[in-house]
Amino acid sequence: MTFDALWAAIEPVGRDLRSGGYRRFAWTREDATLREWFAGEAAVRGLSLTLDRAGNQWAWWGDPDAAASAGRPGVVMGSHLDSVPDGGAYDGPLGVVSAFAALDALRARGFIPSRPVGVVNFADEEGARFGVACGGSRIITGALDGERARGLRDADGTTLAEAVARAGRDPAHLGPDPEALRRIGVFVELHVEQGRALADLDRPVAVGSSIWPHGRWRLDLLGEANHAGTTRLEDRRDPMLALAAVITAAREAASARGCVATVGKVLVEPNGVNAIPSAVRAWLDARGPDEPDVRAVAEEVAARGGTLAVEESFTAETAFSAPLRDRLAALLGDAPVLGTGAGHDAGILAAAGIPAAMLFVRNPTGVSHSPAEHAERADCLAGVDALALTVADLAGPDGVVPRPRGEDR
Ligand SMILES: [Zn+2]
């Protein structure tokens, strides 16, 4: 019962007893405890532990450098151990715990990999402390510049460089790490589903297809400040009415185009109870399977507010390797294939040209980034089986796939 023991060991770390949620932020004491746990699990399995230039932890079964030089880079599983404020227990840790459990299951079956098998703990995936998500994978792939990373600050003004130094690492090392990347032949990230598609499909595990295109836009809604008591309704130019139209339009346009859209942040000038606002600035977050639809949502929403959508960021679709996706879906009994609106380290690696795949484990309510986030134990064990089967296929001699057996877990 490897899974249960692994899960129990980290369950109390960083848990807020009042909310039941987790506070596991990058390069804090809680994070250090989890990193020690990871190193200990690597050690008891006789895996070699390496750290890359961003401080991501890699536990290897086999020699990844020799194999990479011989043209047989490794099969890596894993995820992250950090959390958002009051995050759930599963987002991240489920992928790391399942990776160790899957490795144990493979060994119990006598599986001999024909290439190295690795387990990774990516640092600072949530970006909860320094504001940039997937920091660990972005730094080693060069998607986040090392100098910029060092200067990122948390809410207390501590820079990432200072936090890394306090954790006993040299921040000068933060930067691209082609050596670490060339050891990865393929990366498979198992993750709790952040939605409830699998609950509706009545299946425990899905294969990821892509990370949806995602944009953020600013909308400036202008009006005229005036007295809330003396200005006749017909004489007002009240930008709050435009904001109301924008919020309603976001829901309608997203619904019509199969996207999601959110107005989660607004700034009101002057923000007084008895003053008609002079201006409202609103931000729209929109995501969906197809980029033209996502962009159309932003345009339609802005038009309904009588303004333009100013693009602040846009990330194109990150598609996971199609042959890998199809192979895993077939391997896992014609598993459902799902896209996701959330970012992941697997997406950062895929964007850097590394074959990557994701497995999603059913989340009965779909709730994530919340203490209520949950996955049933049976589904977690199904996830371990799926991951073991996946690695056996990818790291095994061609065509030989050991059968999963329940008692190996
Ligand atoms: Zn996650």
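This is a predicted model: local features need pLDDT of at least 70, side-chain atom pairs count only at pLDDT 80 or more; totals for chains, interfaces and linings use all residues.
Start at the metal. Three residues coordinate the zinc ion: H80 and H191, each through NE2, and D91 through OD. The distances run from 2.0 to 2.2 Å. Along the sequence, the spacing of these donors reads H-x10-D-x99-H. D91 sits in the loop between strand 3 (74-80) and helix 4 (93-108), while H191 belongs to strand 5 (residues 184-192), so this pair ties together parts that are 100 residues apart in sequence. Are D91 and H191 buried or exposed? Both D91 and H191 are buried.

Helix 4 counts 16 residues. From its first C-alpha to its last it reaches 22 Å, close to the 22 Å expected at 1.5 Å a residue. Of those 16 residues, 14 are buried, so helix 4 is largely enclosed by the rest of the structure. After helix 4 comes G110, with a positive phi near 80 degrees.

Helix 4 also has a helical partner. It packs with helix 14 (residues 377-395), the two axes lying 8 Å apart at an angle of about 60 degrees. That angle makes helix 4 oblique to helix 14. The crossing of helix 4 past helix 14 is right-handed.

One point of contact is D220, whose bridge partner in strand 11 is R281. Strand 7 is also joined to strand 12 (residues 309-315), again antiparallel, by six bridges. Here L219 has A309 as its bridge partner in strand 12. G215 has F314 as its bridge partner in strand 12.

The peptide bond from E269 to P270 is cis, and its omega is near 0 degrees. P270 is placed in the loop between strand 9 and strand 10 (275-276).

Strand 1 (residues 48-51) and strand 2 (residues 57-61) pair in the antiparallel sense. Four bridges hold this pairing. S48 stands opposite W60 in strand 2. Five residues lie between the strands of this hairpin, and G55 takes a positive phi near 85 degrees.

Strand 2 pairs with strand 4 (residues 117-122) as well. Five bridges join strand 2 to strand 4, and the two run antiparallel. W61 meets its bridge partner, V117, in strand 4.

How many of the five residues of strand 2 are buried? Five of the five are buried, so strand 2 is largely enclosed by the rest of the structure. In a regular strand the side chains alternate between the two faces of the sheet. In strand 2 both faces are covered. Q57, A59 and W61 are buried on one side, and W58 and W60 are buried on the other.

S69 lies in helix 3 (residues 64-69). Its relative accessibility is 57%, so S69 counts as exposed. S69 and R183 are 114 residues apart in sequence, yet their C-alpha atoms are 8.7 Å apart in space.

Two loop residues complete the tour. C134 has a phi near 60 degrees, a positive value in a residue other than glycine. It lies in the loop between strand 4 and helix 5 (135-141). With a relative accessible area of 2%, C134 is buried. D334 also has a positive phi near 60 degrees, and is a residue other than glycine. Its loop runs between helix 12 (322-331) and strand 14 (337-340). D334 is exposed, at a relative accessible area of 62%.

Note on methods. Residues are numbered from 1 along each chain as its sequence is written. Side-chain values use heavy atoms; hydrogens and water are left out. Two strands pair if DSSP finds at least two bridges between them. Donors are N, O and S atoms within 2.8 Å of the metal (3.2 Å for Na, K and Ca); water is not among the atoms, so sites may look incomplete. Buried means under 20% relative accessible area, exposed over 50%, partly exposed in between (1.4 Å probe, protein chains only). The expected span of a helix is 1.5 Å times one less than its number of residues. Axes are lines fitted to C-alpha atoms, for helices over the stretch in contact, and angles run from 0 to 180 degrees between N-to-C directions. Angles under 35 degrees count as roughly parallel, over 145 as roughly antiparallel, 65 to 115 as roughly perpendicular and the rest as oblique. A crossing is left-handed if the near helix is turned anticlockwise from the far one by less than a right angle, and right-handed if clockwise.
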